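Here's a quick walk through one protein chain, meant to be read with the structure open beside you. Have a look at the fold before reading on.

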Amino acid sequence: MNICLKPVDENNFLDVFNLKLGEGQERFVSHPIRSLAQAYVYRTQCQPFAILDNGKVIGYVMVIYDYDIPEYDIWHMMIDASCQGKGYGKAAMKLVLGYIRQKPFGDSNRVALTCSKSNSNALALYTQMGFAYTGTEDEDEVELALTIR
Ligand SMILES: CC(C)(COP(=O)(O)OP(=O)(O)OC[C@H]1O[C@@H](n2cnc3c(N)ncnc32)[C@H](O)[C@@H]1OP(=O)(O)O)[C@@H](O)C(=O)NCCC(=O)NCCS
């Protein structure tokens, strides 16, 4: 595995568009095409990334800074259906946290994300990475957060 994050740009956006979720996973996460439309709206406070392994796009994730709280949020992380369950999600999340540690948008140490209560694979990944339930819930979604050091 030789994994890295690359900002979505003119060289890789078509590969990002072609990423596929597994059956039934559309309920857990927006596809990168929709996420990138949101990234345009929030373009002063976010960074969408392609996740690459050996130069091939295998996933997508967006980091967005919420100036009101303030905190870093991780949105729409996904690994292509053909590559899930092989350790890419965990490796990508470590890189995402490394990026946030550089404080690219603001000084907050808080990192938060939301996840469907029924998305047991993602919840296992996040808790394994040190995220803890905050108690905040919105319909089917729970919030988890981490303080970076
Ligand atoms: C959730 C997701 C990003 C995880 O990425 P991944 O590459 O599949 O996960 P990894 O192989 O790195 O596994 C990391 C941990 O997640 C959990 N996990 C991942 N896939 C799992 C599976 N099929 N069964 C059980 N646990 C699983 C495990 O805890 C695993 O750690 P372990 O192998 O040490 O036990 C990916 O499965 C995905 O894109 N899912 C669809 C989109 C989605 O739900 N995104 C999250 C929105 S909140």
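What follows goes from the overall fold to the core and then to one helix.

Keep in mind that this is a predicted model. The protein chain has four helices and seven strands, and along the sequence they come in the order β-α-α-β-β-β-α-β-α-β-β. The radius of gyration of the protein chain is 14 Å, close to the 15 Å that the globule rule gives for 149 residues, so the chain is as compact as a globular protein of that length. Its C-alpha atoms fill a box of roughly 35 × 30 × 30 Å along the principal axes. Of the 149 residues, 26% are buried. If you take contacts between residues at least 6 apart in sequence, 62% of them join residues at least 24 apart.

Now for the inside. The largest nonpolar core has 30 residues, and those touching the most other members are Ala50, Ile51, Tyr60, Val61, Val63, Ile74 and Val96.

| Element | Residue range |
|---|---|
| strand 2 | 46-53 |
| strand 3 | 56-66 |
| strand 4 | 71-79 |
| helix 3 | 88-101 |
| strand 5 | 110-116 |

Which of these gives the largest share of the core? That's strand 3, with seven residues.

Which residues of helix 3 are buried? They are Gly89, Ala92, Met93, Val96 and Ile100. Seen down the axis of helix 3, these buried residues fall within an arc of 105 degrees, so they line one face of the helix. As a reminder, an α-helix has 3.6 residues a turn, so residues three or four places apart point the same way.

The buried residues of helix 3 pack against quite a list of partners: strand 1 (3-7), strand 2, strand 3, strand 4, strand 5 and helix 4 (120-128). On the face turned away from that buried side you'll find the exposed residues Lys94 and Gly98. Just after helix 3, Lys103 takes a positive phi of about 55 degrees.

Terms used
Residues numbered from 1 in each chain as written. Predicted model: local features only at pLDDT ≥ 70, side-chain atom pairs only at ≥ 80, totals over all residues. Core = buried A, V, L, I, M, F, W, Y, C linked by C-beta atoms within 7 Å. Buried ≥ 20, exposed ≤ 12 C-beta atoms within 10 Å, placed from the backbone. Helix = DSSP H or I, 4+ residues; strand = E, 2+ residues; numbered from the N terminus. Rg over C-alpha atoms; globule rule 2.2 N^0.38 Å. Contact = placed C-beta atoms within 7 Å. Arc of directions from axis to C-beta.
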